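Trainee: Could you show me how to read pairs of aromatic rings in a protein model?
Mentor: Gladly! Let's look at one together.

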Amino acid sequence: MSRISCLIKYFALIAGLLSCSGNGETKKPGESATPVTVTLVHQERAVFYNSYPANIVALKEVEVRGQVSGVITGIYFMEGKEVHSGDKLYEIDRRKYQAAFEEAQSNVKIAEDNLEKVQRDANRYTDLAKQDAIAEQLLDHALTDLKNARQQLNAANSELTKAKTDFEYSLIKAPFDGTIGFSNVKLGALITPGQTLLNVISSDNPIGVDFEITENELGRFQHLDNALISNNDSTFRITLPNNAIYPYSGKISVIDRAVDPQTGSIRVRITVVNNDKILKPGMSCKVMVLNDNSGQQLLVPFKAVLEQLGEYFVFVVKENKVSQLKISLGPRVLSDVIVLKGLEGGETIVVDGIQKLHDGSPVTTETSQKSRLK
């Protein structure tokens with residue numbers, strides 16, 4: 001009997017221990033506060049640009065070709081250097097063109113002398129005809145000769161103009177100020193008029209920068225085109241291939257006439273001064289256009305933003321607890337991002353430690369270094 005009593009007490013003790021162990025496992029302890037770093041949301045001046053791939057283009061560019069045939073007898077420029085309007089570039093053997101010009105001048109002189117003689121005869125016959133001193137047929141012949149002499153003078157003048165033009169074309173001159181490239185011909189080369197490419201001249205100051213925008217941006221750029229923008233304005237900046245910022249700003253000179261229906265884009269050209277000849281036609285660069293959202297904006301650190309299924313949130317701290325708040329983002333500005341909707345300014349948000357939080361989490365806060373500096 002005493003053995004059975006001992007067994008009962010033993011099993012009762014085991015059951016009690018198991019019961020106590022089960023109660024310990026189901027008990028939920030209080031959630032501890034998570035340490036986080038916070039910052040105060042307020043407006044800051046945000047200056048940032050949209051970037052567009054671009055190419056440098058000459059505002060004026062011409063292919064130099066001969067208008068008359070012949071052998072190159074003179075080259076009067078240095079390749080790759082600046083030339084000015086009217087400067088001599090190439091000379092084509094001028095001897096036959098000079099001879100033709102002088103012959104045409106002589107033919108004009110002969111035609112003028114002949115016209116003067118025929119005019120005197122016509123005047124004399126006209127006076128005699130008034131006195132019935134000559135036959136009418138002689139007067140008709142004199143007037144016909146006068147008419148033919150005038151036509152011969154006109155023809156001679158036309159030949160003189162043609163010969164003079166060919167003579168002038170045998171000396172090729174620069175059509176405008178610019179930079180000339182490598183010569184495609186050497187002394188002694190025979191050229192064919194209108195076909196042989198001698199060289200290329202392009203203007204270089206001011207110079208153009210072409211880039212493309214989407215059709216959705218067209219209204220904005222038309223507004224910028226109509227605005228009064230000086231050369232010192234910072235709306236349009238240029239980034240060079242080595243990522244250096246070009247020291248001069250540009251302004252819109254041309255917006256293309258139509259949108260490309262295949263790409264939905266349209267070409268825009270800005271012009272910029274090029275006093276130091278840093279920009280060369282064909283060079284690639286980037287055009288930086290001041291964003292419409294530049295100015296006073298609500299900026300928050302980008303690392304404070306939580307993305308969930310394409311939506312963005314921040315954790316706002318109130319009374320040592322966080323609440324998850326949905327926001328709409330604008331462009332990035334370095335390590336920060338503009339908040340377009342969801343915040344009004346003055347809120348305290350979590351910067352570091354957001355991965356450990358959920359809506360309603362208790363927190364202990366420390367102000368971020370950036371916020372303390374402000």
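Trainee: Are phenylalanine 77 and tyrosine 90 buried or exposed?
Mentor: Both phenylalanine 77 and tyrosine 90 are buried in this predicted model.

Trainee: How do I describe a pair of rings?
Mentor: You give the distance of the centres and the angle of the planes. Here, the ring centres of phenylalanine 77 and tyrosine 90 are 5.2 Å apart and the planes are at 70°, so this pair is edge-to-face.

Trainee: Which parts does the pair tie together?
Mentor: Phenylalanine 77 belongs to the loop between β5 and β6, while tyrosine 90 is in strand β7, so the pair ties together parts 13 residues apart in sequence.

Trainee: What does a stacked pair look like?
Mentor: Take phenylalanine 101 and phenylalanine 167: their centres are 5.7 Å apart, with 10° between the planes. Phenylalanine 101 lies in helix α2 and phenylalanine 167 in helix α3, so parts 66 residues apart in sequence are tied together. Both of these phenylalanines are buried.

Trainee: How many aromatic pairs are found in the whole structure?
Mentor: Seven. Ring pairs also link Tyr52, Phe211, Phe221 and Phe236 into a cluster.

Trainee: Where does the charged end of arginine 94 sit?
Mentor: That charged end is over the ring of phenylalanine 167, 4.1 Å from the ring's centre. Likewise, lysine 88 has its charged end over the ring of tyrosine 76, 4.3 Å from the centre.

Technical notes: Residues are numbered from 1 along each chain as its sequence is written. This is a predicted model: local features need pLDDT of at least 70, side-chain atom pairs count only at pLDDT 80 or more; totals for chains, interfaces and linings use all residues. Side-chain values use heavy atoms; hydrogens and water are left out. Rings of Phe, Tyr and Trp (its six-membered ring) pair if their centres lie within 6.5 Å; planes under 30 degrees apart count as stacked, over 60 as edge-to-face and the rest as tilted. Helices (H or I, at least four residues) and strands (E, at least two) are DSSP runs, numbered from the N terminus. Buried means under 20% relative accessible area, exposed over 50%, partly exposed in between (1.4 Å probe, protein chains only). A charge sits over a ring if NZ of Lys or CZ of Arg is within 6 Å of the ring centre and within 35 degrees of the ring normal.
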